[in-house]
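Subject: Structure handover

Hello,

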Amino acid sequence: AIYVTEQYRARVLAFDRLQPGRRGRVVLDLHGAVTNGNEQGLLGLAFSPDGSHLYLDSTDPTDGATHIDEFRMRPDGTADAASRRLVLRIAQPFPNHNGGQIAFGTDGELYIGMGDGGAAGDPYGNGQNRHQLLGKILRIDPQRHTTTRGYAIPTDNPFVGSNDAAPEIWLVGLRNPWRFSFDRSTGDLWIGDVGQDTYEEVDHIGAGVGGENLGWNRREGTHDYNGGARRNDDVEPVYDYRHGSAACSITGGFVYRGRTIAALRGTYVFADFCGGALTGLTLDAQGQARARDLAAHVDQPTTFGETPDGELLVASRTGTVYEVVAAR
């Protein structure tokens with residue numbers, strides 16, 4: 001099945017196949033239990049590796065805090081709303097830049113994308129504050145929770161045992177990683193990090209590499225931000241692009257590992273919410289990026305997905321989910 005979240009209706013739907021006009025069945029309905037509007041709402045989902053539990057990223061209707069919640073899956077393919085268990089709660093100072101992507105890595109741990117807390121320019125400096133969970137990629141184990149905490153911290157997280165950083169942190173210095181994904185073939189992490197005023201960026205982190213600093217809010221893409229110079233330990237994005245009439249907010253995608261489009265295999269596919277053109281990105285042996293227009297367009301693309309066999313899906317804010325297919 002293909003699972004889709006509805007941000008404002010706060011429902012999870014399942015589709016047996018993608019066909020025009022076909023309605024999905026409701027897996028879980030959280031209407032009224034999450035915030036409804038703007039960049040808040042039901043923002044992401046992930047299934048445990050064994051499929052027994054569903055995890056959701058949403059914002060609380062009372063105070064806007066980010067919630068990571070766990071639900072048991074029933075044999076009929078629906079989620080048990082009464083089984084809801086709070087895994088992690090993170091306070092949000094503003095209603096935007098909530099991140100929202102969650103995904104289990106090939107290592108079986110849950111990764112969580114957290115924006116910098118919102119407003120503009122990261123006014124509280126959360127991206128570079130290692131004691132703050134905002135502006136980070138987090139890595140936790142929600143299936144080994146205790147009576148005092150809703151998750152366990154993997155012992156190989158980069159800041160475990162350090163007094164200088166929260167142990168949940170995997171990566172530092174992000175603005176709003178709305179969508180990230182793992183390459184199902186290599187385990188590498190690809191991040192579409194939404195920029196501030198001028199640049200959008202794509203970050204590429206090798207499999208199992210944690211502790212890196214991606215630079216925000218000293219850097220926006222590969223450029224200084226408000227006079228912030230690059231530091232030696234900053235990891236630059238592999239690709240960035242400038243805002244314009246058809247570019248304003250990156251929607252990160254996936255590395256294509258399907259079978260139907262041979263020319264696309266190994267290519268990272270992403271889009272921009274304003275322009276809608278799908279772009280393919282490949283890296284050469286030296287790590288230099290090459291981008292190409294894939295001659296496909298989706299109005300207001302909000303998210304990407306994968307089918308079980310690696311084919312690529314993209315959803316539009318208009319309410320349509322498309323499958324990426326070869327040109328005829």
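Is A10 buried or exposed? A10 is buried, with a relative accessible area of 1%. Here, buried means under 20% relative accessible area, exposed means over 50%, and partly exposed is in between (1.4 Å probe, protein chains only).

Some ground rules. This is a predicted model: local features need pLDDT of at least 70, side-chain atom pairs count only at pLDDT 80 or more, and totals for chains, interfaces and linings use all residues. Residues are numbered from 1 along each chain as its sequence is written, and side-chain values use heavy atoms, with hydrogens and water left out.

**Backbone points to check**

A10 has a positive phi of about 60°, although it is not a glycine. A10 lies in the loop between β1 (2-6) and β2 (11-15). Strands are DSSP runs (E, at least two residues), and helices are runs of H or I with at least four residues; both are numbered from the N terminus.

D122 is another non-glycine with a positive phi, here about 55°. Its place is in the loop between β9 (110-114) and β10 (136-140). D122 counts as buried, at 3% relative accessibility.

There is also a cis peptide bond, between W216 and N217, with omega of about 15°. N217 sits in the loop between β14 (199-205) and β15 (219-220).

**Cavity**

Rolling a probe the size of a water molecule over the atoms shows where empty space is left. The definitions are these. On a 1 Å grid over the protein atoms alone, a cavity is a set of points where a 1.4 Å probe fits but cannot get out. A pocket is an open set with protein on both sides within 12 Å along at least five of seven lines. Lining residues have an atom within 4 Å of a point. Grid points are joined across faces, edges and corners, and a volume is the space filled by probe spheres set on the points.

A search of the whole structure finds 1 cavity of 30 Å³ or more. The largest cavity has a volume of about 60 Å³. W216, from the cis peptide bond, is one of its lining residues. Others in the lining include R175, D193, E201, R219 and E220. By class, the lining divides into 3 nonpolar, 4 polar and 5 charged residues. Ala, Val, Leu, Ile, Met, Phe, Trp, Tyr, Cys and Pro count as nonpolar; Asp, Glu, Lys and Arg count as charged; the others, Gly among them, are polar.

**Second largest pocket**

The second largest pocket has a volume of about 330 Å³. It is lined by 16 residues, and the closest to its centre are L294, A296, V324, V325 and A327. Two elements give two or more residues to this lining: β21 (289-297) and β24 (321-323). β21 gives the most, with 5 residues. The lining has 13 nonpolar, 1 polar and 2 charged residues.

**Sheets behind that pocket's strands**

Two strands pair if DSSP finds at least two bridges between them. β21 belongs to an open sheet of 4 strands, in the order β18-β19-β20-β21, with antiparallel pairing. β18 (250-255) and β21 are the edge strands, each pairing on one side only. Neighbouring strands are turned by 25° against each other on average, direction ignored. The axes are lines fitted to C-alpha atoms, for helices over the stretch in contact, and angles run from 0 to 180 degrees between N-to-C directions. β20 (residues 277-283) and β21 pair over 6 bridges. L281 stands opposite A291 in β21.

β24 belongs to an open sheet of 3 strands, β22-β23-β24, also with antiparallel pairing. β22 (301-306) and β24 stand at the edges with a single partner strand each, so one side of each is left without a neighbour in the sheet. β22 and β23 (residues 312-316) pair over 5 bridges. P301 stands opposite S316 in β23.

**Disulfide**

The structure holds 1 disulfide (a pair of cysteine sulfur atoms within 2.5 Å). It joins C248 to C274, S to S 1.8 Å. The link is right-handed, with 85° about the S-S bond. C248 lies in the loop between β17 (239-242) and β18, and C274 in the loop between β19 (268-272) and β20, so the pair ties together parts that are 26 residues apart in sequence. C248 counts as partly exposed at 26% relative accessibility. C274 is partly exposed too, at 42%.

Best regards
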